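This report goes through selected helices, nonpolar cores, aromatic contacts and salt bridges. The sequence and structure come first.

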Amino acid sequence: MTSDPADVDVELPGAAPLITRLQSLLHGPQTVEPRAETSRGWLDLAYEAAYGERYAAAAEAAQAGLDAAGGEDPDNRLMLLRILSGVHEMRGDTGASSPYVKERVALLRRLGRTRQARIEEELGPMLLREPDHVEGEILARVAEQLRDEDEAAGAPTLELADVLSSQAVRVLHDEGPEAALPVVEEAVDILIRLDRPEALAGARMFLAHTLLLTGDSSRALQVTDDVMGAPANRAVRGAMSMLRATIHHHDDKPHEAITDAISSVELYAACGVRKGAASAAALLAGLSSAVDEGEASVLAWKVAVQQAELGEFPESRMLTLALGQQLLELERFDEAEKVLDALSVRLASSEEDIAVRARSLMGLGHSVTQQKRPLEAMAHWEEAAELFLSAQELEESARARLAAGALAASLERFEAAETHHRKALELARRAQEDDPAILVQALHALGHLLTRTEDPDGVDLLQEALKVAQEHGTDWQVADITDSLARGYVSLGEGSAAVARALDAADLFLAAGDDRSAGGAEILAGKVLLEMGRADEAEAILRMAVGDRQAEHDLVAEALEGRIDALMRQGKADEAAELRRELTRLKRRMKP
């Protein structure tokens with residue numbers, strides 16, 4: 001790239017479809033440092049590299065700017081020297097920064113800007129990085145002194161704006177956005193009056209972020225308009241697009257948010273601000289998923305991963321996990337398996353990101369389950385449980401055990417299922433103060449499994465689950481556990497208790513708004529009564545179970561079959577025959 005970034009339009013085309021723009025980002029990442037022809041062009045590149053935390057590239061660009069055409073222009077040279085000193089200071093190398101500070105101070109003196117030279121010489125690194133608390137107090141005193149001098153002279157000065165900008169960073173850190181806002185506003189006002197567009201872009205960016213932190217999103221949007229309508233490099237414009245996307249997202253304007261988010265990704269990626277590009281792409285992925293743009297969401301997650309990897313940021317692992325989870329959500333199970341398996345293997349030799357690897361194994365288990373490979377899934381979930389445990393994430397370890405146990409039970413591997421569920425319950429009891437919901441799940445799962453295998457201990461566990469759910473769970477959970485108790489009593493041959501609990505469950509399901517499950521519980525009660533020889537009661541309950549559920553053909557058919565049996569036991573053959581004809585007609589309608 002030989003064109004001068006200062007002399008070209010830095011906005012990227014936005015007319016193409018979203019998917020096309022994302023594919024373009026994926027297929028054409030910038031991997032070499034761009035070049036400029038003029039000092040002003042190198043200045044933009046240096047700023048963009050510094051903003052992207054590519055400090056070596058920023059220093060090289062600034063040094064090149066000093067030697068390029070226009071490098072002797074005082075304004076250009078002062079800005080390049082500020083970047084050179086600031087880059088080294090941000091890297092913690094004050095020794096390397098000092099010569100550039102001295103050269104800048106000397107140039108200011110030659111230009112007759114003696115007060116500014118004195119201020120920069122005295123304050124030194126405080127103006128180049130985030131000041132500490134003591135330095136913040138010094139800056140506040142200097143700002144007050146400069147303010148008095150400027151008021152006496154009747155005109156603001158650049159040095160006051162400079163000091164206020166650094167002071168505001170510390171105030172924001174110590175006292176919050178409300179206290180920092182007037183300091184930032186004062187700096188912006190001075191730069192507007194002095195007509196300093198280069199410094200103004202950065203100051204307005206700070207102002208927009210501060211306004212957002214105070215909750216004034218409408219004014220923050222106005223400030224971003226000011227930034228985007230004036231000269232600014234791609235890093236600043238990318239930041240403003242990201243801020244706009246965030247505001248629109250919070251204001252529930254997804255399409256506007258998507259428009260700004262993709263612009264932010266493109267701008268950040270074009271100038272090598274990898275962390276910003278990854279963050280904007282992650283936001284875009286979530287926004288796209290929320291409006292059911294699944295393919296765009298997958299591509300956005302891929303861009304996020306790509307940008308994080310180009311920047312060699314550890315966040316690439318979490319972003320890869322999010323990509324895999326998005327593929328699972330879209331039921332693209334083979335693709336999800338490839339992504340999550342590669343991530344798991346990548347993290348296998350590291351002691352870091354244990355929980356991330358565990359989550360990748362959980363997703364991997366779901367993907368292979370859907371591909372009819374349940375034994376692999378159980379192995380993945382068992383390993384995930386151990387990893388979560390080593391990471392002290394007890395609730396997640398318990399959930400992994402519950403998943404493995406449920407799958408084992410579905411395969412009728414009851415011994416393995418019981419082992420997993422008992423381990424899950426042990427973990428859930430340890431974690432119950434932080435997460436009582438996981439205790440409800442573990443008690444319910446093990447209790448249901450034991451009653452299914454005719455172990456009476458399951459009833460005690462279900463009773464305990466019911467007690468905890470009544471205190472910490474939802475109405476539906478209480479109904480579901482009550483239903484499991486009813487079915488448990490059936491397995492144990494306790495018909496009267498089963499009927500009572502089933503009818504309780506039906507009432508609870510109705511109160512929770514689940515009419516279908518209520519019907520299922522009533523049908524259970526009717527069937528148990530039939531088995532107990534109480535045909536008249538059974539027929540009455542089964543008739544009630546059907547009610548107005550004509551749309552739910554499977555439940556109606558099940559109830560009709562039970563009623564026919566009950567009527568035949570009562571010697572009511574004619575009524576049974578009529579219901580049998582009704583059942584035949586219903587089954588014909590049920591055929592696909």
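How many residues does helix H9 have, and how far does helix H9 reach from its first C-alpha to its last? Helix H9, residues 177-194, has 18 residues and reaches 25 Å between those two atoms. That is close to the 26 Å expected at 1.5 Å a residue, where the expected span is 1.5 Å times one less than the number of residues.

## Basis of the report

The model is predicted: local features need pLDDT of at least 70 and side-chain atom pairs count only at pLDDT 80 or more, whereas totals for chains, interfaces and linings use all residues. Residues are numbered from 1 along each chain as its sequence is written, and side-chain values use heavy atoms, with hydrogens and water left out.

Helices (H or I, at least four residues) are DSSP runs, numbered from the N terminus. In H9, the buried residues are Ala-180, Leu-181, Val-183, Val-184, Ala-187, Val-188, Ile-190 and Leu-191. Buried means under 20% relative accessible area, exposed over 50%, and partly exposed in between, with a 1.4 Å probe and protein chains only. The buried residues of H9 pack against helix H8 (158-175) and helix H10 (197-214), with contact meaning heavy atoms within 4.5 Å. Asp-195, which follows H9, has a positive phi, near 55°.

Helix H19 covers residues 374-390. Its 17 residues should span 24 Å at 1.5 Å a residue, and its end C-alpha atoms are 25 Å apart, which agrees. Buried in H19 are Ala-377, Met-378, His-380, Trp-381, Ala-384, Ala-385, Leu-387 and Phe-388. The packing partners of the buried H19 residues are helix H18 (354-370) and helix H20 (394-410). After H19 comes Gln-392, whose phi is positive, near 65°.

## Nonpolar cores

In soluble globular proteins, nonpolar side chains tend to be buried together. A nonpolar core is here a set of buried Ala, Val, Leu, Ile, Met, Phe, Trp, Tyr and Cys residues joined through side-chain atoms within 4.5 Å. The largest nonpolar core has 104 residues, and those with the most contacts inside it are Leu-22, Leu-123, Val-163, Trp-301 and Leu-319. A second, separate core has 54 residues, including Leu-466, Val-499, Leu-529 and Leu-586.

Which residues are in contact with Val-163, leaving aside its neighbours within four places in sequence? They are Ile-119, Leu-123, Leu-127, Leu-139, Val-142, Ala-143 and Leu-146.

## Aromatic rings

The whole structure holds three aromatic pairs. Rings of Phe, Tyr and Trp (its six-membered ring) pair if their centres lie within 6.5 Å; planes under 30 degrees apart count as stacked, over 60 as edge-to-face and the rest as tilted. Tyr-47 and Tyr-51 form a stacked pair, 6.3 Å centre to centre with 20° between the planes. These two residues are four apart in helix H2 (residues 39-51), and so are separated by about one helical turn. Tyr-47 is partly exposed at 28% relative accessibility, and Tyr-51 is partly exposed at 31%. Together with Tyr-268, Tyr-47 and Tyr-51 form one aromatic cluster.

Lys-275 lies over the face of Phe-313, at 4.8 Å from the ring centre. A charge sits over a ring if NZ of Lys or CZ of Arg is within 6 Å of the ring centre and within 35 degrees of the ring normal.

## Salt bridges

A salt bridge is a side-chain nitrogen of Lys or Arg within 4 Å of a carboxyl oxygen of Asp or Glu. By this rule the count is 45. In one of them, the side chains of Glu-121 and Arg-109 meet at 2.8 Å, N to O. Glu-121 is in helix H6 (residues 114-123) and Arg-109 in helix H5 (residues 94-110), twelve residues apart. Arg-109 is partly exposed, with a relative accessible area of 39%.

Arg-147 forms a salt bridge with Glu-144, the closest N and O atoms being 2.7 Å apart. Both residues lie in helix H7 (residues 133-153), three residues apart, about one turn of the helix. Is Arg-147 buried or exposed? Arg-147 is buried, at 18% relative accessible area, whereas Glu-144 is partly exposed at 40%. A further salt bridge joins the side chains of Arg-429 and Glu-464 (2.8 Å, N to O). Arg-429 lies in helix H21 (residues 414-431) and Glu-464 in helix H23 (residues 457-472), so the pair ties together parts 35 residues apart in sequence. Arg-82, Arg-104, Glu-120 and Asp-162 are linked in a network of salt bridges.
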